[in-house]
Amino acid sequence: MLINKIGEFGLIERFRRLIKTDSSVIVGSGDDCAVLEFDKNNYLLFTCDMLVEGVDFTDKDDAYLVGRKSLVVSISDIASCCGLPRYCLISVALPKGTALEYADRLFKGMLSIAKKFKVNITGGDVSQAPQITIDVSMLGIVEKKNLVLRSGAKIGDIICVTGELGGSILGKHLRFIPRLKEARFLVKNFKINSMIDISDGLVQDLGHILAKSNAGAALYENLIPISKYSRNLDDALYGGEDFELLFTLPRREAQKLFKKPCNFKPIGEIVSKKQGLRLIDRKNKEKTLKIKGFTHF
């Protein structure tokens, strides 16, 4: 059997069933970050992301922006658990014929983001490969009282996003700002039940929250904030690489949130699992959404 027969998430689940951890691992594989015991008041957050030429960027993209992206995707994971990034290791594989100027610009992009978000680059590795590959492992910290995972959505929660969706392939995926400030604002002022960053598409990433929370959802077409770069609704639902935060909170908390001027957008509500995932269109007609989005296999 080939791996594309079981798909990316099937392969991950196949490996996850074999993993055993000790009591210091509070949350292992299956969320945006692993959550590790640290001290009386805080957890460590641990995440990693790999960027591969031809998959996550092209040889025509500015090396500075590629280097930038290699860190911000991991910072976005830390943000979705409402933590703060602190340390990272960077491993880079480059073809032998890579220009030194390209490598310099790649690293300058990394340094710019590390400085902006106060991340310490503490080392890494360099190797040779047929195509450029960058792997970043990042540690963050979150107060135990502020940790938010995918698994806490409750029936009646309002589903929200931090910005517009769709069309990121036209450039946003290389230039996005991780929603760290927004996550910290939310968790310090409201009761947030669940959160994830949208990397593989709204529907697929919402599906992760629903699976972990044993719930269903109703999305309202007229509320989904579609980017001006999006070709259509499907781009916003399935396109991926938006890196906005998708979160749920109790209705009373949402009412408090939307009394204040903000860029957060309500797009639906959490319902019972038996109702599945549904889209209510502009004519108030319902249709079941198939959970799909970007996958590597």
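Which residues form a nonpolar patch on the surface? In this predicted model, the patch consists of F107, L111 and I121, which together expose about 240 Å² of accessible area. I121 lies in strand β5, which spans residues 120-128. With a relative accessible area of 30%, I121 counts as partly exposed, because that class covers values between the 20% limit for buried and the 50% limit for exposed residues.

The protein chain as a whole contains eight helices and 13 strands. Its radius of gyration is 19 Å, close to the 19 Å given by the globule rule for 297 residues, and the chain is therefore as compact as a globular protein of that length. Along the principal axes, the C-alpha atoms fill a box of roughly 55 × 50 × 50 Å. Buried residues make up 51% of the 297. Among contacts with a separation of 6 or more, 82% join residues 24 or more positions apart. The accessible surface of the chain amounts to about 15400 Å², and carbon and sulfur atoms contribute 53% of that area.

The strand pairing can be followed from β1 onward. Strand β1 (residues 25-27) pairs with strand β2 (residues 34-37) in the antiparallel sense, over two bridges. Six residues lie between the strands of this hairpin, and G30 adopts a positive phi near 125° there. Strand β2 also pairs with strand β3 (residues 42-52), again in the antiparallel sense, over four bridges; this hairpin has four residues between its strands.

Conventions
Residues are numbered from 1 along each chain as its sequence is written. This is a predicted model: local features need pLDDT of at least 70, side-chain atom pairs count only at pLDDT 80 or more; totals for chains, interfaces and linings use all residues. Side-chain values use heavy atoms; hydrogens and water are left out. Patches are made of residues with over 30% relative accessible area and no salt bridge: like charges are joined within 9 Å, nonpolar side chains (Val, Leu, Ile, Met, Phe, Trp, Tyr) within 5 Å. Accessible areas come from the Shrake-Rupley method with a 1.4 Å probe; for residues, only the protein chains shown count as cover. A salt bridge is a side-chain nitrogen of Lys or Arg within 4 Å of a carboxyl oxygen of Asp or Glu. Buried means under 20% relative accessible area, exposed over 50%, partly exposed in between (1.4 Å probe, protein chains only). Two strands pair if DSSP finds at least two bridges between them. The radius of gyration is taken over C-alpha atoms; the globule rule is 2.2 Å times the number of residues to the power 0.38. Contact means heavy atoms within 4.5 Å.
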